[in-house]
Amino acid sequence: MSLSHIHHSEPHSVFESGIPRQSLASAVAERLRERIIRGLLPEGAQLRQDAIAKEFRVSRIPVREALRQLEAEGLISIVQHRGAVVTALSPDDVEELFTIRALLEPELLKLSIPHLTEKDFAQADKILRTYIRELKRADHVGAWGQLNWQFHSVLYSRANRPYFMSVLRNINNNGERYTRLQLFLTRGMERANIEHRKLLDLSRQGDVPSACELLRQHILHAGRSLKELLQQRRKAQTKLDRREVERNFRGSRLNTNPRSPS
């Protein structure tokens with residue numbers, strides 16, 4: 001699927017001339033990043049520079065810069081003869097991403113909890129209530145990953161580690177489309193809601209060790225279930241592909257058989 005087949009209703013005003021080129025590249029990258037995360041551009045989709053430039057009414061220079069930025073974030077890969085394509089993560093890649101998260105995020109939470117304010121907890125509670133409400137709506141699946149990150153990032157916000165947060169934001173960008181898939185297909189919403197609520201309560205109580213251990217287990221469980229899900233789906237797809245090859249082979253043999261005499 002190429003970008004030219006994706007329909008949207010975004011205004012073009014932010015892409016008009018007069019904006020610094022770097023800002024233009026960042027704006028293009030942000031729109032493409034959002035589509036990848038929401039699944040509008042699925043894994044393996046090709047991003048054609050000329051189509052993107054035409055759609056956003058920009059030259060190919062900021063588009064190239066935007067694609068380089070997305071490549072650095074791991075969301076796309078530059079493939080020979082195909083150009084930029086949305087990265088596909090293997091089950092092992094997913095497990096690695098969640099293992100990294102399980103190592104880093106509890107450390108941020110540990111640093112942040114002692115400095116969180118009641119205003120922070122109220123904000124996290126508000127996001128969580130919105131998140132729980134949105135999880136009940138399959139037609140709002142695109143918002144799930146964003147709300148999940150917003151909730152977690154509020155709890156990490158007082159750690160005062162901006163580079164740490166930037167690394168985690170990139171990791172979450174890579175895994176977000178798969179997190180939504182895991183929640184949707186494994187129906188893991190109820191467990192996620194219970195654990196998020198408990199995480200918020202423990203953080204509010206100042207119970208740093210319990211909150212950090214819960215967070216670590218929460219991330220590792222999501223990673224394991226997601227890895228298993230991807231393995232099952234790709235095994236099923238391999239079987240379908242094999243059957244299709246066999247059908248094509250049988251069809252080609254029938255077509256090449258000489259006609260019987262009349």
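Among contacts in the protein chain between residues at least 6 apart in sequence, what percentage join residues at least 24 apart? The figure is 75%. The model shown is predicted.

View 1. The protein chain holds nine helices and three strands. Read from the N terminus, the elements run α-β-α-α-β-β-α-α-α-α-α-α. The chain has 262 residues, and 42% of them count as buried. Its accessible surface comes to about 15000 Å². Carbon and sulfur atoms account for 52% of that surface.

**View 2. Arg101 in helix H4.** Helix H4 covers residues 91–112, and Arg101 is found there. Is Arg101 buried or exposed? Its relative accessibility is 7%. Buried means under 20%, so Arg101 counts as buried.

**View 3. The surroundings of Arg101.** The side chain of Arg101 makes a polar contact with the side chain of Glu105, at 2.5 Å. An α-helix has 3.6 residues a turn, so residues three or four places apart point the same way. Leaving aside residues up to four places away in sequence, Arg101 touches Pro106, Ile171, Asn172 and Ile219.

**View 4. Helix H5, end to end.** Helix H5 spans residues 118–135, which makes 18 residues. How far apart are the end C-alpha atoms of H5? They are 25 Å apart. At 1.5 Å a residue, the helix should span 26 Å, so the two values agree.

**View 5. The buried residues of H5.** Asp120, Phe121, Ala124 and Asp125 are among the buried residues of H5. Ile127, Leu128 and Tyr131 are also buried. Glu134 and Leu135 complete the list.

Key. Residues numbered from 1 in each chain as written. Predicted model: local features only at pLDDT ≥ 70, side-chain atom pairs only at ≥ 80, totals over all residues. Heavy atoms only, no water. Helix = DSSP H or I, 4+ residues; strand = E, 2+ residues; numbered from the N terminus. Buried < 20%, exposed > 50% of the residue type's maximum accessible area, 1.4 Å probe, protein only. Polar contact = N/O pair within 3.5 Å; in protein donor to acceptor, adjacent residues only side chain to side chain. Contact = heavy atoms within 4.5 Å. Areas by Shrake-Rupley, 256 points an atom, 1.4 Å probe, with all protein chains shown as cover. Expected span 1.5 Å × (residues − 1).
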